Amino acid sequence: MDTSTTSSYTAKLIDGPLEGKTVATAFLDTGDPRPRIELPTDQGKHYVYARGAGMEFASSDDERPTAVEYRFVETVFD
């Protein structure tokens, strides 16, 4: 499967309150993974995660990753 035209990837949350969870995330218009993601909760807060160094590719020919690691930064209360 050629993921170079795929518009989303899996964000792997490797620590923090959502450790071990994954979420589908869209690439930026430039085709790069997002540097930060904000995940809302139903409890009046959201979690901020920043892109880590780890990336996974379906094959060595792919230009875009299929999964990217994100590390917990902070909890923001609304």
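Modeller: Start with the elements. Helices (H or I, at least four residues) and strands (E, at least two) are DSSP runs, numbered from the N terminus. Valine 68 has its place in one of these runs, strand β5. Before we go on, some ground rules. The model is predicted, so local features need pLDDT of at least 70 and side-chain atom pairs count only at pLDDT 80 or more, while totals for chains, interfaces and linings use all residues. Residues are numbered from 1 along each chain as its sequence is written, and side-chain values use heavy atoms, with hydrogens and water left out.

Now the setting. The protein has five strands and zero helices. Read from the N terminus, its elements go β-β-β-β-β. The C-alpha trace spans about 40 × 20 × 15 Å along its principal axes. A residue is called buried under 20% relative accessible area, exposed over 50%, and partly exposed in between (1.4 Å probe, protein chains only). Of the 78 residues in the protein, 29% are buried.

The part to look at is the set of aromatic rings. Rings of Phe, Tyr and Trp (its six-membered ring) pair if their centres lie within 6.5 Å; planes under 30 degrees apart are stacked, over 60 edge-to-face, and the rest tilted. How many aromatic pairs does a search of the whole structure find? It finds three. In one of them, tyrosine 47 and phenylalanine 72 have ring centres 6.2 Å apart and planes at 65°, so this pair is edge-to-face. The pair joins distant parts of the chain: tyrosine 47 lies in strand β4 (residues 45–56), phenylalanine 72 lies in strand β5 (residues 67–77), and the two are 25 residues apart. Is tyrosine 47 buried or exposed? Tyrosine 47 is buried, with a relative accessible area of 10%. Phenylalanine 72 is partly exposed, at 28%.

Phenylalanine 72 has another partner. Its ring and that of tyrosine 49 have centres 5.5 Å apart and planes at 70°, so this pair is edge-to-face. Again, distant parts of the chain are linked: tyrosine 49 is in strand β4, phenylalanine 72 is in strand β5, and 23 residues separate them. Tyrosine 49 is buried, at 0% relative accessibility. Put together, ring pairs tie Tyr47, Tyr49 and Phe72 into a cluster.

What touches this cluster? Contact means heavy atoms within 4.5 Å. Aspartate 15 lies in the loop between β1 (8–13) and β2. Setting aside neighbours within four places in sequence, aspartate 15 is in contact with Tyr49, Tyr70, Arg71 and Phe72. Aspartate 15 is buried, with a relative accessible area of 18%. Along the chain, aspartate 15 and tyrosine 49 are 34 residues apart; their C-alpha atoms are separated by 9.3 Å.

Back to valine 68, in strand β5 like phenylalanine 72. Valine 68 is buried, at 1% relative accessible area. Beyond residues up to four places away in sequence, valine 68 touches Tyr9, Thr10, Ala11, Lys12, Pro33, Arg51, Gly54 and Met55. One of these, glycine 54, is 14 residues away in sequence and 5.9 Å away in space, C-alpha to C-alpha. Contacts across the chain can be counted for the whole protein too. Among contacts between residues at least 6 apart in sequence, 48% join residues at least 24 apart.

One more ring is worth a look. A charge sits over a ring if NZ of Lys or CZ of Arg is within 6 Å of the ring centre and within 35 degrees of the ring normal. Here the charged end of arginine 64 sits over the ring of phenylalanine 27, 4.6 Å from its centre.

Leucine 28 is partly exposed, at 29% relative accessible area. Apart from neighbours within four places in sequence, leucine 28 is in contact with Pro33, Arg34 and Pro35. Proline 17 is 11 residues from leucine 28 in sequence, yet 25 Å from it in space, C-alpha to C-alpha. Aspartate 29 sits in the loop between β2 and β3 as well. Aspartate 29 is exposed, at 87% relative accessibility. Serine 7 is 22 residues from aspartate 29 in sequence and 9.2 Å from it in space, C-alpha to C-alpha.
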